Amino acid sequence: MTGHASALWHPFTQHARTDAPLFVERAEGATLLTKDGRRIIDGISSWWVNIYGHNHPAIVEAVKAQAEKLDQVIFAGFTHAPAEELAASLTALMPPALHHVFLSDSGSTAVEVALKMALGAHIHRGKPRRMIAAFQHGYHGDTFGAMAAGAPSVFNEIYAPWLFRVERLPFPEAGREEQTVEAFRTLLKEHENDVAALIVEPLVLGAGGMRMYSPTVLRDLKRLCEAHGVYLIADEVMTGFGRTGTLLASQQADIVPDILCLSKGLTGGMLPLGATLCGDDIYQAFYSSDRNKTFWHSSSYTGNPLSCAAACASLKLWQTDETQKNIARLCKAQEEHLGAIAAHPRAVNARHRGTIAAFDLRAEDAGYFSRIGPKLYSFFLARGVLLRPLGNTLYVMPPYCIAPEALNRIYACLKEALDSVAQEEK
Ligand SMILES: *Cc1c(COP(=O)(O)O)cnc(C)c1O
């Protein structure tokens, strides 16, 4: 036995180097309450999922009521009220062209489903295409297909030999957007009728460092996709449900993707659920009296009634004035706070999109394994704030309901961290 007394092996955790995890007993709104009596402000919505805050009473009630009626049922050959209601509400809310909903368990599985839909649709039409294109620095999850779609990085490099090949487009840095569009144009020209899909995180690349890009590029890429019969897969697992200020980030580019992946905020962070939405043309490519054209994909918990009930309650919350006001307030507050941070000599590349604010710390060693990241994580926790730097990139992505005082507290800690780094490196 080494280090830690529990049998649990935690995600993204090097147990040889980290302290025992914090024991959380309760949570409410934007606050986590630990067993040892600490109150911690959840500045990252517990890995971007708890968009309405923890234990929202409306979602708690919906799950309780559903648990008394139907826990789980096989989803092949059966259906149930929460799934039907979810499909109806989701399609009513999302762009009208996306009227088929395939349910799975997570963001990664929503992406796997999207890739299989795209490749399968070309095959079933008798015109198979082999290539998938994606952005440099993209992140789409940790299963093999999702890892392949994501950029090569420290997270997946030892598995590189087992990942299928994906064509990488340069990230559209501000001022160099045309390079990305041009790279895609070239790829399409060199591989006419062989590019099956382009998968992107619209407007903000999350795990790849909160990199933000302009809606115009996305619109240009979508046009190229349309002209060349390529499916555009929008991975809105992080950006969906108001994160960037609008329901979907892709709406700011005025585009409707061919396939849309949702998860994280879908249940308001209460239960795991993924959804992949597509248009009728893709559905029709699989719709056939030929059994071989069935979409052969499932997981045991597909369409779990409790997850669907949580998602239905979340979609209702999305439509309340309170949520819309909270989002508007948070967008404005983030912009103001970030303006103040940007003036600090140690903060560079300050950026925000909707409710997400980020900046890079000017440090001697940068990158994901930058020594500064873990140090800052502990620095913030000691001050009752949960922030998880991505290397030397710091970002704030709290639940929409966060109180102004709590947000002030987060930024006060960030400022203190910047000051102390400046002090140390003097
Ligand atoms: C988190 C994330 C995923 C993976 O979702 P999981 O639920 O963790 O599997 C996929 N795509 C994006 C953009 C994400 O941020």
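## Ligand contacts

In the side chain of Lys264, an N or O atom lies 2.7 Å from an oxygen atom of the ligand. Taken alone, the ligand exposes 380 Å², and the protein buries 83% of that area. These values come from a predicted model.

Ser108 also uses its side chain: an N or O atom there is 2.6 Å from an oxygen atom of the ligand. At Gly107 the atom concerned belongs to the backbone, where an N or O atom is 2.8 Å from a ligand oxygen atom.

## Residues around the ligand

Lys264, Ser108 and Gly107 are among the residues around the ligand. Also in this shell are Trp48, Ser106, Tyr139, His140, Gly141, Glu201, Asp235, Val237 and Met238. Sorted by class, the shell has four nonpolar, five polar and three charged residues.

## Helices α6 and α7

Helix α6 covers residues 177–190 and helix α7 covers residues 215–228. Their axes come within 10 Å and cross at roughly 10 degrees. Angles under 35 degrees count as roughly parallel, and α6 and α7 are therefore roughly parallel to each other.

On the α6 side, the residues in contact are Glu177, Thr180, Val181, Phe184, Arg185 and Leu188. They meet Val217, Asp220, Leu221, Leu224, Cys225 and His228 of α7. By class, this contact of α6 with α7 has seven nonpolar, two polar and three charged residues.

Technical notes. Residues numbered from 1 in each chain as written. Predicted model: local features only at pLDDT ≥ 70, side-chain atom pairs only at ≥ 80, totals over all residues. Heavy atoms only, no water. Near = heavy atom within 4 Å. Polar contact = N/O pair within 3.5 Å; in protein donor to acceptor, adjacent residues only side chain to side chain. Areas by Shrake-Rupley, 256 points an atom, 1.4 Å probe, with all protein chains shown as cover. Nonpolar A, V, L, I, M, F, W, Y, C, P; charged D, E, K, R; others polar. Axes fitted to C-alpha atoms, helices over the stretch in contact; angles between N-to-C directions. Helix = DSSP H or I, 4+ residues; strand = E, 2+ residues; numbered from the N terminus. Parallel < 35°, antiparallel > 145°, perpendicular 65-115°, else oblique. Contact = heavy atoms within 4.5 Å.
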